[in-house]
Amino acid sequence: MHGIPPFLTRLGIQLPIIQAPMAGVATPQLAAAVSNAGGLGSLGIGPSPVAQARQMIEQTRALTSRPFNINLFCHAAAQPDTAREAAWLQHLAPLFTAAGMAPPSAINAGYQSFIEDDQTFDMLLELCPPIVSFHFGLPSADRIEALQQAGICLLATATNLHEARLIEQAGIDAIVAQGIEAGGHRGMFDPEADDEQLSTSVLVRLLVQHTRLPVIAAGGIMDGAGIRAALDLGAAAAQLGTAFILCPESSANAAYRQALQSERAASTRLTACISGRPARGMLNDLIRHGEAAGSPPPADYPIAYDAAKQLNAAASQRGNHEFAAQWAGQGAPLARELPATELVQQLVAEWRGA
Ligand SMILES: Cc1cc2nc3c(=O)[nH]c(=O)nc-3n(C[C@H](O)[C@H](O)[C@H](O)COP(=O)(O)O)c2cc1C
């Protein structure tokens, strides 16, 4: 038998399987079940107020003594632009009317980036989760150093080699290579930059060849054969998001689960019109309307997200789920409805048998 590879030993896990952080979908129950099964469970606290984030970490700790990962958003602060927001709200006005709600007169950012969030930083230093990961960029060098000195292992998402090099230069411990197939928000540092839209397999090879850090493959991995392929490409572990949405431990609502189990799962779209940043989700009326010819640009992230959330809250009360953010990757039709422990066991059996 081979021993446990050094990177997994560093993370304190046995299996090269990471349940992706999924803000709004991953719960302490989900993360703890994956960690207890030998993988790495993750929680996305990007949009959570500090008290809620603290509670999620404490709940996870109560459910597992194994390592888990806490994920933060490091986007540039939202650029408020009253004219752009008004134009976006006006564009969405017919949808608000359909949802039985007057369009809001104003929308706001809703949550802070970790880059500016001192309270969350202090809370992390106090609670010291074993692993912390960053999406949309990196915090300051001071924060990186302080978290590492507290013994926290740090991961960060790259969507291209340039971002990976910035991550390496910043002294982060490993890179999450997020391909274009991935569900949820694309972790690109600058959403306005040219996007090569690299696939997970090309990106993993590039980062394995051109950086010295362990690479975690993310995007389109749905089963043990996918995990095996990622490891064969040189990845140290595979990070799966969409594969875990149907687990009963996730907080995906009934409409989201139903969509993922329907033909809709076969049509995902990378769009900025739900949140203001590119993210992949199942195609619905909000995306169709937001991307129709002649549409104005959405408000900046996460201001546009506030409008979409208000719209969805009103519409879903009437049983209309066409305006929801139902993030999912290109592999969505392969998602399985299994308890998280069984899913991890199944992934391992497939990977080892592959
Ligand atoms: C519902 C959902 C929510 C997500 N939320 C986050 C998040 O909060 N932070 C993050 O770093 N990545 C997030 N992601 C992206 C994942 O980390 C990962 O890159 C992606 O799920 C991999 O692709 P897959 O969905 O095809 O497995 C999310 C993905 C999904 C599907």
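Residues 24 or more positions apart account for 68% of the contacts in the chain with a separation of 6 or more, two residues being in contact if their C-beta atoms, placed from the backbone, lie within 7 Å. The structure is a predicted model, in which local features need pLDDT of at least 70 and side-chain atom pairs count only at pLDDT 80 or more, whereas totals for chains, interfaces and linings use all residues. Residues are numbered from 1 along each chain as its sequence is written.

The chain contains 13 helices and 11 strands; helices (H or I, at least four residues) and strands (E, at least two) are DSSP runs, numbered from the N terminus. Its radius of gyration is 19 Å, close to the 20 Å that the globule rule gives for 354 residues, so the chain is as compact as a globular protein of that length. The radius is taken over C-alpha atoms, and the rule is 2.2 Å times the number of residues to the power 0.38. Along the principal axes, the C-alpha atoms fill a box of roughly 60 × 45 × 40 Å.

The domain assignment, whose bounds come from an automatic or database source, gives domain 1 (1-77 + 113-250 + 335-354) and domain 2 (80-111 + 262-330). The C-alpha centres of domain 1 and domain 2 lie 26 Å apart. The contact between them takes 15 residues from domain 1 and 14 residues from domain 2. On the side of domain 1 that touches domain 2, 5 residues are nonpolar, 8 polar and 2 charged. In this classification Ala, Val, Leu, Ile, Met, Phe, Trp, Tyr, Cys and Pro count as nonpolar, Asp, Glu, Lys and Arg as charged, and the others, Gly among them, as polar.

The ligand is surrounded by 29 residues, of which Gly44, Gly183, Gly184, Gly241 and Gly329 are the closest; a residue is near a molecule if its C-beta atom, placed from the backbone, lies within 6 Å of it. At least three residues of this shell are drawn from each of domain 1 and domain 2. By class, the shell comprises 12 nonpolar, 16 polar and 1 charged residues. Strand 7 (184-185) and strand 9 (237-240) each supply at least two residues of the shell.

Strand 10 is joined to strand 11 (residues 279-282) by 4 bridges, and the bridge partner of leucine 270 in strand 11 is arginine 280.

Notes:
Two strands pair if DSSP finds at least two bridges between them.
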